[in-house]
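User: I would like to learn how to read the features of a protein model one at a time. Could you give me the general idea first and then the case at hand?

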Amino acid sequence: CSVILASVMSRIARSAVDWVRIASRVPPSEKAALAAFRTKHEALQSALSNFSEEKSRIDWAHYKDKIQDKNLVEKFMKEYESLSVPYPVDKESTKIAQAEKEADVEAQETIKLAKQNVVELQKELEEVKAQKSFEDMTADEYLEDKPKLRKEIDDHIKSQQW
């Protein structure tokens, strides 16, 4: 069992972790926790590197010499050799990959919208900067480019509700 676990863990350990990329996304308040996690990960990875990927061989001849009931050893040997531990089927990686692709598409759309908003807001800011200050502006100058507001005020004045 420990041999199988070591083999599985060895495969997992071989996958590279991009610590720089992860650290760039972690908020400053969590940097210490990430450093502790990284230290623990590296310690476990180091421990896993000590395991061999090959199954350790059982010396059946040794047991046949030491155990009086040779049939019992033969039975254990046959059972052990017929034992097959299936590797679990990965059902989640495709779901995770699909969710990641969807998140990337959504992020790209959000970035596109944000860039459009920046352009529009910069344009609006330039227009505001180009205007006269409110202290130097007359009401007619202010309403010059706001026809809806001018109409509301004119209608309000005409109905004498001011």
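User: Is Y63 buried, partly exposed or exposed?

Analyst: Burial is judged by relative accessible area, where buried means under 20%, exposed means over 50% and partly exposed is in between, using a 1.4 Å probe and protein chains only. Y63 has a relative accessibility of 40%, so this residue counts as partly exposed, whereas W60, at 17%, is buried. In the chain of 162 residues, buried residues make up 9%. Please keep in mind that this is a predicted model, in which local features need a pLDDT of at least 70 and side-chain atom pairs count only at pLDDT 80 or more, while totals for chains, interfaces and linings use all residues. Residues are numbered from 1 along each chain as its sequence is written, and side-chain values use heavy atoms, with hydrogens and water left out.

User: How many helices and strands does the chain have?

Analyst: Both are DSSP runs numbered from the N terminus, a helix being H or I over at least four residues and a strand being E over at least two. The chain has eight helices and zero strands.

User: What kind of aromatic pair do W60 and Y63 form?

Analyst: Rings of Phe, Tyr and Trp (its six-membered ring) pair if their centres lie within 6.5 Å, and planes under 30 degrees apart count as stacked, over 60 as edge-to-face and the rest as tilted. The structure holds three aromatic pairs. W60 and Y63 form a tilted pair, with 6.5 Å from centre to centre and 55 degrees between the planes. These two residues both lie in helix α4 (residues 60-66), three residues apart, which is about one turn of the helix. Ring pairs also bring in Y80, linking W60, Y63 and Y80 into a cluster.

User: Which residue lies over the face of Y142?

Analyst: A charge sits over a ring if NZ of Lys or CZ of Arg is within 6 Å of the ring centre and within 35 degrees of the ring normal. K146 lies over the face of Y142, at 4.2 Å from the ring centre. Y142 itself belongs to helix α7 (residues 139-143) and is partly exposed, with a relative accessibility of 30%. Contact means heavy atoms within 4.5 Å, and, leaving aside neighbours within four places in sequence, Y142 is in contact with F134, M137 and L149.
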